[in-house]
Structures are given as C-alpha cells and as structure tokens.
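Student: I have a new model on my screen and would like to learn how to read it. Could you walk me through a few features?

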Amino acid sequence: MTEENNKSRCRWCNLANPLYVRYHDEEWGVPCHDDHALYELLILESFQAGLSWETVLNKRARFREVYDGFDLDKVCAYGEEKIARLLSDEGIIRNRLKIRASVKNSRIFRDIQEEYGSFEKYIWGWTDGKVIYENDPAVTTGPLSDAISQDLKKRGMTFVGSTIIYAYLQAIGVINAHSDDCWLHGGNG
C-alpha cells in the first residue's frame, strides 16, 4: 500500500511520478468505451512489450504528437517515409518491429471496427459488457487474455501476446485489478 493525500494505492504506483499517480487514479481500471481511447491504449500497450508501463507512459505525450493524436485514419495511411521519421524520433520507443506493428495493427483495428460497428463492441463483447474483478498481482494472463490475444493474432496483429492483452484489459477496465487496500478497489473511487 502506498499513500499520498491519505489515499492508499496499488503498490506498483510510483508516487514519485505525478504522471503515474494521475494515470493510476484517473484512468487505469476505469471502464473505457471510447474507441479513440481504446485504440491509443492498445497501440501504447504494444510498445510496452519488454519494457515497463511507466516507460511508455512517460513518453505518451510525445507518442501523441508524432502519431497525429492517434488519429486512426492518419496512422493507417503511414508509409515508409513516416515510419522512417518515427524511427528517428528520440522521444518515443524506436523499435522498428513495434513501429511497423503499430501501423499494421491500426489497420486491423479499423477492420474490427467495421466488422463489429466499433472496437468497443468487440472488446467488451468478450465479457458481455461486464467488469471482471481480479487482482492477484502474480496473475499476468488468463483464459480471457489468451482468447483475445489468439483472436487478434489470427486477424494479423502482432505484439498482442496474452500478457500485453491482460495489461490492456486492466488498463481499459475490463479487468479491475486494484489491490484490496487501494482506494479504487472494486470501483469505489
């Protein structure tokens, strides 16, 4: 348990980083139904592979700038010239495979929107719109993240392994994983 302003928080929340505290308090685990936010978080989570979420979060503002505010149509249209500019930008994670995956995954995200009417309907359809409460910090995958990961991979997405998808489901509130001693446990915030 960590405390700031007399609020207990999940142990992973770095209180020395105000950006991380704000993310924990205002975004992580809050049910998200907005396709733009769902899209941004999915792309950012794919950059997390092998890194900490705090690293990605600290670069989020720059990602928003260079990814055109995560405008889906613009990212889907990125070609080699834009990819080269992204690879040279020191303010983001400059991994060639992840950057290429972000463009490809964006196109598949749009395909899912077209198939389901929205990505929100697709992702929340896995739980019939219900939040799952599951907060064992040792758990980093599960049957739900396994199934979604497998489906997204079958559609052609990459950097969407079960661990990344589990973290994504926590971030967008499909899985509420706030610890028992956190002020946001059970959606009580």
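Predicted model: local features only at pLDDT ≥ 70, side-chain atom pairs only at ≥ 80, totals over all residues.

Student: Which residues does UniProt list for "binding site"?

Tutor: The unreviewed UniProt entry lists Cys10, His24, His178 and Cys182. These residues are spread over 173 residues of sequence, yet they cluster in space, with a largest C-alpha distance of 10.3 Å. From this set, Cys10 is part of the lining of the largest pocket.

Student: Where is cysteine 10 placed, and is it buried or exposed?

Tutor: Cysteine 10 sits in the loop between strand E2 (7–9) and helix H1 (18–26). Buried means under 20% relative accessible area; cysteine 10 has 1%, so it counts as buried.

Student: What does histidine 178 touch?

Tutor: Leaving out residues up to four places away in sequence, histidine 178 touches Cys10, His24, Trp28, Gly29, Asn135, Leu184 and His185. The side chains of histidine 178 and histidine 24 are also joined by a polar contact of 3.3 Å. Histidine 178 lies in the segment after strand E4 (175–176) and is buried, because its relative accessibility is 2%.

Student: Now the core. Which of its residues touch the most other members?

Tutor: In soluble globular proteins, nonpolar side chains tend to be buried together. Here the largest nonpolar core has 53 residues, and Tyr67, Phe119, Ile123, Leu169 and Ile172 touch the most other members. Helix H2 (residues 35–48) gives the most to this core, with 7 residues. As a close-up, isoleucine 123 touches Leu38, Ile148, Tyr168, Leu169 and Ile172, not counting residues up to four places away in sequence.

Notes: Residues numbered from 1 in each chain as written. Heavy atoms only, no water. Core = buried A, V, L, I, M, F, W, Y, C linked by side-chain atoms within 4.5 Å. Buried < 20%, exposed > 50% of the residue type's maximum accessible area, 1.4 Å probe, protein only. Helix = DSSP H or I, 4+ residues; strand = E, 2+ residues; numbered from the N terminus. Contact = heavy atoms within 4.5 Å. UniProt positions renumbered as here; feature names shortened; annotations may be inferred. 1 Å grid on protein atoms, 1.4 Å probe; cavity = no way out; pocket = protein on both sides within 12 Å on 5 of 7 lines; lining within 4 Å. Polar contact = N/O pair within 3.5 Å; in protein donor to acceptor, adjacent residues only side chain to side chain.
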